[in-house]
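Here is a short briefing on a predicted model. Keep the structure open and follow along, topic by topic.

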Amino acid sequence: MTTGHNVHPLPQTDQLRAMHTIIRDRDCAREDFVFYSRRIIRLLLEHGMDLLPFTKKEVTTPVGTTYHGLEFAAELCGVSVIRAGEAMEGELRDLLPGVRIGKILIQRDKQTKQPHLYYRHLPADIAERHVLLLEPMLATAGSALAAVDVLLEAGVREDRIIMVNFLSSPEGLRRVATERPRVRIVTSAIEDRMNENAFMVPGIGDFGDRFFGTT
Ligand code: PRP
């Protein structure tokens, strides 16, 4: 698939494909699933943070010369889409100790696949912040777009939302690009398609169930 300017896939290195090969195997042990998923989540969060704004900063090195560098110039927070998005919180906390994390509870109806919003609790100053929206699976994009709507209602600027996806369907990416073109998406894999049950193919199964051990 040709991706739009709003999609930022991780470089498809052999190492990344090897990690995907481990966790996509239906016989993958749960501890391996968690371990390698978390390694990929770390890469995704780093990639997402590359998209944030930086300003110039100079420091004096131990050699006594000037290094013309950069410093992070944004207020940031995470917002996880419960439940699967919570799988990304540990890595975010490792990268940014003390980071504020909001929660949005959205569950897809098992039959209709339509998302239902049950709960939200966001940092009070979220309208001033850039947001890493932690949503591992983008299938129909219904859940992700419902979460984006919650952020927009709370005053977050659309161009300050970076969605952190693990797997994305071409259909879901197109829908986000059409409906929320300024939202940027970081993903570790773009799948071939969705099947009739709105699962991605080749896919990984239910990420939340596999990560939290509720299969
Ligand atoms: C899954 C997944 C996403 C959503 C993706 O959540 O975690 O939130 O479906 O599908 P969509 O793009 O078609 O909306 P689910 O409701 O199954 O709950 P979970 O987080 O507990 O796995």
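Ile161 touches Val131, Leu133, Val148, Leu151, Val156 and Val183, leaving aside residues up to four places away in sequence. Two of these contacts lead on to a strand partner and a helix.

**The core around Ile161**
- The largest nonpolar core has 48 residues.
- Leu133, Ile161 and Val164 touch the most other members of this core.
- Helix H2 gives the largest share, five residues.
- In soluble globular proteins, nonpolar side chains tend to be buried together.

**The strands**
- Ile161 belongs to strand S9, where it stands opposite Val131.
- Strand S7 (residues 130-134) pairs with strand S9 (residues 161-164) in the parallel sense, over four bridges.
- Both strands sit in an open sheet of seven strands, ordered S1-S11-S9-S7-S4-S5-S6, with mixed pairing.
- Strand S1 (7-9) and strand S6 (115-121) stand at the edges with a single partner strand each, so one side of each has no neighbour in the sheet.
- On average, neighbouring strands of this sheet are turned by 20° against each other, direction ignored.

**The helices**
- Helix H2 (residues 30-49) lies across S1, S7, S9 and strand S11 (184-187).
- H2 runs at about 160° to S9.
- Helix H4 (residues 142-153) has twelve residues.
- From first C-alpha to last, H4 reaches 17 Å, close to the 16 Å expected at 1.5 Å a residue.
- The buried residues of H4 are Gly142, Ser143, Ala144, Ala147, Val148 and Leu151.
- An α-helix has 3.6 residues a turn, so residues three or four places apart point the same way.
- Gly155 follows H4 and has a positive phi, near 95°.

How values were computed
Residues are numbered from 1 along each chain as its sequence is written. This is a predicted model: local features need pLDDT of at least 70, side-chain atom pairs count only at pLDDT 80 or more; totals for chains, interfaces and linings use all residues. Two strands pair if DSSP finds at least two bridges between them. Helices (H or I, at least four residues) and strands (E, at least two) are DSSP runs, numbered from the N terminus. Axes are lines fitted to C-alpha atoms, for helices over the stretch in contact, and angles run from 0 to 180 degrees between N-to-C directions. Two residues are in contact if their C-beta atoms, placed from the backbone, lie within 7 Å. The expected span of a helix is 1.5 Å times one less than its number of residues. A residue is buried if 20 or more other C-beta atoms lie within 10 Å of its own, exposed if 12 or fewer, and partly exposed in between; C-beta atoms are placed from the backbone. A nonpolar core is a set of buried Ala, Val, Leu, Ile, Met, Phe, Trp, Tyr and Cys residues joined through C-beta atoms within 7 Å.
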